[in-house]
Amino acid sequence: MATTGIDGFGSDATLDRKRLYGRVFVGLCFLSTLFGVAALLLLVGDVIYESWGWLDLTFLTHPPSWFPENYVDGRGAGIYPALIGSLFLIVLTAVFTIFLGVGAAIYLEEYAPDTRVTRFIEANIANLAGVPSIVYGLLGLALFVRAAGLGSVLLAGALTLTLLILPIVIVAAQEAVRAVPDSQRRAAYGVGATKWEVTRDVVLPSAMPGIMTGTILALARAIGETAPLIMIGAATTMFAPPRLSPGALFEPFGAMPMQIFEWASQPQAEFQHIAAAGSVVLLTVLLLMNATAIYIRNRYDR
Amino acid sequence: MSLDDTPTTDAESMTTTPTVTTTDDHSGTGETIIESRDIDVYYGDTQALDGISMEIPEQQVTALIGPSGCGKSTFLRSINRMNDLIDTARVEGEILLRGKNIYDDDVDPVALRRAVGMVFQEPNPFPKSIYDNVAYGLRVQGKDDNLDEKVEDALRRAAIWDEVGDQLDSSGLDLSGGQQQRLCIARAIAPDPEVILMDEPASALDPVATSQIEDLIEDLASEFTVVIVTHNMQQAARISDKTAVFLTGGELVEFGDTNRIFENPNSQRVEDYITGKFG
């Protein structure tokens with residue numbers, strides 16, 4: 001019988017070297033992670049530092065001013081019209097994308113025959129998600145502002161942003177619909193449900209959290225977009241928020257990224273701080289949206 | 001009866017279920033309710049079933065047994081046209097349900113599935129409350145009068161009321177595997193179908209839950225015609241009145257009374273399979 005005993009399992013040089021490689025690799029992975037996190041913290045820290053002393057509640061509730069001294073000591077100048085403009089814009093965009101995105105995803109996943117045409121369309125929706133936002137701006141300008149004759153109004157802005165994020169929302173919704181187990185569909189068919197009932201009662205409710213998460217994340221991207229808004233001619237500075245009436249759809253509008261861009265282009269040094277204060281507001285809205293998406297995802301994750 | 005575009009109210013008249021039946025004796029009426037005539041099923045170019053002809057008796061348990069890939073589940077799914085949901089599947093031949101060919105052009109598969117319910121291999125309750133799970137079939141079939149009563153009745157008949165009767169609002173997914181499967185059986189029987197198809201309903205369950213399901217199936221045969229696929233031969237021998245043995249190649253090798261099939265099969269291949277020489 002061969003000798004057994006702990007002596008036979010001692011460490012050797014080869015094993016030690018392999019472990020060293022492993023540790024180096026982990027170290028590199030950690031540094032990669034650190035780089036992203038550090039860059040983000042630096043960015044957020046810098047913006048908050050720059051805005052310190054310029055951001056208070058009156059900043060949120062007052063229209064902008066051309067004079068930097070009006071932004072301090074609660075004298076009443078701020079981002080209010082652009083903040084409300086952005087919220088209007090994003091709510092409208094959300095309504096359009098949810099209907100169009102969910103409709104397209106349901107059709108492609110549940111109804112479309114698996115043909116070459118369908119696959120071609122699906123592949124191109126994924127490609128559209130990578131098209132630069134300025135190109136969507138040009139499209140929005142040609143299609144909504146000029147051809148449809150809307151002008152540079154809130155509706156044109158919302159429709160342009162809808163085009164921009166629709167591919168992302170469709171792909172996310174398709175994935176959510178595909179993730180609904182077939183056993184659930186069979187269960188409903190088995191008790192005599194029609195295809196429409198299976199889709200309405202089983203597929204949509206199960207896919208909804210995934211659809212909402214994907215949509216909110218896409219909207220969070222849209223709310224920070226500047227290039228397409230510049231292309232379609234959104235106002236850089238608005239002194240009054242959009243009215244709470246259907247007529248507002250056909251009136252000029254402002255948005256936070258446009259206002260921040262405008263502040264940052266001003267010659268007076270103080271406006272850099274005001275732009276930073278606007279950025280903090282924009283980032284806060286963005287983080288709130290992402291937090292909502294994460295909350296929805298966790299809540300429905302079983 | 002008619003299966004053609006049956007309005008929901010007419011579906012009620014399809015049921016022949018006696019309202020109260022307590023007898024455990026399920027010799028049934030013995031009359032043929034389902035007659036399969038020369039059924040071939042293809043998945044694309046692959047033939048899964050080859051000329052299946054058999055007569056399934058009313059209010060009895062008919063077991064379909066055979067090795068994996070023999071086509072027994074495919075045959076089960078062709079009885080309520082669930083194969084229609086598979087794009088590549090093609091069915092040739094006739095299956096008569098009370099004399100009506102369910103593959104006729106004027107048969108609506110949705111109306112057919114209201115008369116022929118199904119329980120699946122993996123328990124698949126909806127992520128809804130226990131109550132809504134059982135009520136779902138009743139609601140889509142427009143039989144949602146006296147809903148509370150019907151839900152309770154279905155849960156009782158599925159032998160799970162005693163365990164869940166006081167928590168109808170909790171999620172069906174919070175139940176154990178065996179309870180989930182009995183919940184799915186309650187969901188299938190709630191709208192009172194004539195036939196219940198079961199595709200290996202106990203294969204994902206532990207022995208205790210399996211034995212509960214088996215007892216339940218024997219009880220169900222007093223009201224329903226049950227067709228069950230299983231690859232557990234002891235299970236087929238215990239609970240079924242008739243047994244059909246499918247063997248590789250998608251053919252039905254032997255069909256007859258369960259006792260005779262297990263004690264004295266005609267076919268040497270069936271005997272080899274049953275005694276465990278292959279499969």
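1. A salt bridge here is a side-chain nitrogen of Lys or Arg within 4 Å of a carboxyl oxygen of Asp or Glu. Searching the whole structure on that basis finds 27 salt bridges over all chains.

2. A quick word on conventions: this is a predicted model, where local features need pLDDT of at least 70, side-chain atom pairs count only at pLDDT 80 or more, and totals for chains, interfaces and linings use all residues. Residues are numbered from 1 along each chain as its sequence is written, chains are lettered from A and ligands numbered from 1 in the order in which they are written, and side-chain values use heavy atoms, with hydrogens and water left out.

3. One salt bridge within chain B joins the side chains of E94(B) and R37(B), at 3.4 Å from N to O. The pair links distant parts of the chain, with E94(B) in strand β4 (residues 89-97) and R37(B) in strand β1 (residues 32-43), 57 residues apart. Strands (E, at least two residues) and helices (H or I, at least four) are DSSP runs, numbered from the N terminus.

4. Now to the interface between chains A and B. About 1,600 Å² is buried there, 59% of it from carbon and sulfur atoms; buried area is the accessible area (1.4 Å probe) that two parts lose on being put together, summed over both. R186(A), Y189(A) and V191(A) supply 32% of the area that chain A buries against chain B, more than any other three residues.

5. In contact terms (heavy atoms within 4.5 Å), chain A brings 17 residues and chain B brings 24. Between the two chains the count is 1 salt bridge: the side chains of E122(B) and R186(A) meet at 3.1 Å, N to O. On the chain A side, α7(A) gives the largest share, 7 residues.

6. Finally, a helix pair in chain A. The axes of α8(A) (residues 195-223) and α11(A) (residues 270-300) come within 9 Å and cross at roughly 170 degrees. Axes are lines fitted to C-alpha atoms, for helices over the stretch in contact, and angles run from 0 to 180 degrees between N-to-C directions. Residues making the contact include P209(A) and M212(A) of α8(A), and L282(A) and Y300(A) of α11(A).
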